[in-house]
Protein chains: 2
Amino acid sequence: MRVAILGAYQTKFGELWDLSLGDLIARSIEGVLRDSGIGKKQLQIGFFGNKLSSEVTGQNHVAALATEILGIPIPFIRVEAACASGGVAVSQAYMAIASGQYETALVVGAEKMTDLNPSKISDALMGAASEQERQAGLSFVGLYALMARKYLSDFEAKEEDLAQVSVKNHHHASLNPKAQFPFPISLQQVMESAPVAEPLKILDCSPITDGAAALVLTSEKFARRYRKRKIYIAGSSLMAETLSLGKRKSLTEIRTTRLAAKKAFSQAAMEPKDISLAEVHDCFSIAEILALEDLGFYKKGEGFIAERNGEVKLDGKRPINLSGGLKACGHPVGATGVKQIVEIYNQLLGRGGQRQAKKVRTALSHNVGGTGGTAVVHILKR
Amino acid sequence: MRVAILGAYQTKFGELWDLSLGDLIARSIEGVLRDSGIGKKQLQIGFFGNKLSSEVTGQNHVAALATEILGIPIPFIRVEAACASGGVAVSQAYMAIASGQYETALVVGAEKMTDLNPSKISDALMGAASEQERQAGLSFVGLYALMARKYLSDFEAKEEDLAQVSVKNHHHASLNPKAQFPFPISLQQVMESAPVAEPLKILDCSPITDGAAALVLTSEKFARRYRKRKIYIAGSSLMAETLSLGKRKSLTEIRTTRLAAKKAFSQAAMEPKDISLAEVHDCFSIAEILALEDLGFYKKGEGFIAERNGEVKLDGKRPINLSGGLKACGHPVGATGVKQIVEIYNQLLGRGGQRQAKKVRTALSHNVGGTGGTAVVHILKR
């Protein structure tokens, strides 16, 4: 059973102090129904991606909250896989439709992060790492700094190559009115920004963000009744493995990404070279470079060259993170994996506005939980 | 695609102070693989039910933890729906197999609750209710007390009828070595126990529990190679609706249960009268009586009569909660929905030990999140 995307919506990402988690859910559902051209009574099942609501506001059971907001009884399931919660929600909705058991599925990813003070939210985010890592006093930027340091030591890359990721993603975000940071930054600004965990500086890091994104997935048959131009999910794949960075064989490879990508490409009968553009999980600048390699776009140790020579920019060979990525569009953790697919869906439909890429026929999204304990890859095509 | 259960396992339930969440996961995976007669490399996907790990130990991303413990990379997805997390995990595993995309699925439900002090765990549990309910200072026993009071006021039931639920479930638990409270209690003991939220007394309430349960689900074809006597999932249904009790039309009906049951019965081509026995969600004594009615076993306002005349006991017409239920077997919230199916699976296989019911051909499980924001119903048959 082929699975189509009927509509997509993203709220503004940022410090949305006047909006609650419930408000974000309500706006994203309203937006995606409007974009899909269907009514809520046509929704048969829902999936909700969220990581932090219990830590931030004490609210668990958020799929029931979403159903209360939706206003009709349907099966609605919350999934949680740290920063991959959104991608996992999409993968489960894909399965629901592909199984033939449902014709339509709503996916909502939403996160409210700015209601906690920064040190508490850092603690809460460390829930995505292992107990040993927490007890050792590590932070997520510390964990990714270990990966970055090893990468810089093993390969010819320099700190400027990491910084280039943020410069590119801010440039893309400057063309995205929904982005948290819709303005450019210079290489010098990144290089001179405060070190957080060397070699990573504050401008190598994605921010704390409030926001939501939503999709409606349907069967091919259902989509035919509503849209002339259809976008299909050609591959949907999820892989989990070691929660702890210390239990991996390599610090410069995220194996769940490799395995998930391999499976998604096989399902889509495609190869990395067939992908027009991608949204990848750049929680820290090093993460984008590792993703480029682990997804198969570049050989191990060569991803940074693409950042250096610009082929991952809007006007390059294969643009990466046209939304601005996690770095500059923002990273409301449970919403990120959904937003990535909203972005590539819009690109495939030619709705990319000022940041529309040319000749987009296929697109990939890549969402990671923690340091790679979970990875989710989706491939879309026209 | 028909879905079979290949194996089932439950750890001892109780105050397991020497076991961590990871230990519980490890034991339940080891136990279910042994019971299934397959190796871990034959597992293709996993689903994990857990509510409280982030509140209790700060650990989120628990499906990646489970995968690390399993020791091989597979897709592994955590779902959370408060006390229905386990049932939701089974429903998603059912969907994965029924879709034809996977041949085998592991389900683990695990919860570690006794590492928090009682008042903090009560606060954490209130994450399953609405923000308004939390702000009003309500507790879960308070919410269910509202339902109990209304029931006693609308129908002919007495407090002794509620108490009878606990007496029966403790009797069943006295025959279950895995139960947290494997001993009988008397009607007088319940009636004289301390009031918590009137009319509910401490012995009307399920306890705080550590424990885990696991299942292996497979396609019919796969199961044929491993087991002579197969148990099938004939119906699997999940429904979500209003998170808040105050937004419901009735205090004496859980509509998600009614809707989920209706769908599961329709899928199984059965009626309530066809069910030999059931495990239902007795988080508080009143909840079992509501479940008996909302599942269609008895008319609204008549469930208590079955408790009074004993037809829901081991030797009665349709035994309910032979495991001891949440009340006496214990209620490790994320494990409960999985354990219910472990119990009815064992009953269908004649492995019920001292509490084995006679002539079991079909069985039902019923798992609720919060005050009914989510309900999950499964129907098994030989």
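**View 1. A:Pro199 and its cis bond in a predicted model.** A:Pro199 sits in the loop that links strand 5 (195-197) to strand 6 (200-201) of chain A; helices (H or I, at least four residues) and strands (E, at least two) are DSSP runs, numbered from the N terminus. The bond joining A:Glu198 to A:Pro199 is a cis peptide, with omega about 10°. This is a predicted model, where local features need pLDDT of at least 70, side-chain atom pairs count only at pLDDT 80 or more, and totals for chains, interfaces and linings use all residues. Residues are numbered from 1 along each chain as its sequence is written, chains are lettered from A and ligands numbered from 1 in the order in which they are written, and side-chain values use heavy atoms, with hydrogens and water left out.

**View 2. The loop around B:Glu198 in chain B.** Here, too, the peptide bond running from B:Glu198 to B:Pro199 is cis, with omega near 10°. B:Glu198 is in the loop between strand 5 (195-197) and strand 6 (200-201) of chain B, and B:Pro199 belongs to the loop between strand 5 and strand 6 of chain B. B:Glu198 counts as exposed because its relative accessibility is 54% (buried means under 20% relative accessible area, exposed over 50%, partly exposed in between; 1.4 Å probe, protein chains only). Setting aside neighbours within four places in sequence, B:Glu198 touches B:Ala145 and B:Arg149, contact meaning heavy atoms within 4.5 Å.

**View 3. B:Thr371, tucked into a loop of chain B.** You'll find B:Thr371 between strand 10 (362-369) and strand 11 (374-381) of chain B, in the loop. With 2% relative accessibility, B:Thr371 counts as buried. Beyond its neighbours within four places in sequence, B:Thr371 has contacts that include B:Phe140, B:Tyr144, B:Leu243 and B:Ile254.

**View 4. Two non-glycine residues with positive phi.** A:Asn321 isn't a glycine, yet its phi is positive, about 60°. A:Asn321 is in the loop between helix 13 (303-309) and helix 14 (325-328) of chain A, and is buried, at 0% relative accessible area. B:Lys359 is not a glycine either, and has a positive phi of about 50°. B:Lys359 lies in the loop between helix 15 (333-348) and strand 10 of chain B, and is exposed, with a relative accessible area of 78%.

**View 5. How chain A lies on chain B.**

**View 6. Where the two chains meet.** The contact takes 54 residues from chain A and 54 from chain B. The copies meet through the same surface, because 100% of the interface residues of chain A are also interface residues in chain B. Together the chains bury about 3,900 Å², 52% of it on carbon and sulfur atoms; buried area is the accessible area (1.4 Å probe) that two parts lose on being put together, summed over both. In chain A, the residues losing the most area to chain B are A:His61, A:Glu68 and A:Met95, together 18% of what that side buries.

**View 7. The salt bridge between B:Lys247 and A:Glu68.** B:Lys247 pairs with A:Glu68 in a salt bridge, their closest N and O atoms 3.1 Å apart (a side-chain nitrogen of Lys or Arg within 4 Å of a carboxyl oxygen of Asp or Glu). The count between chain A and chain B is four salt bridges.
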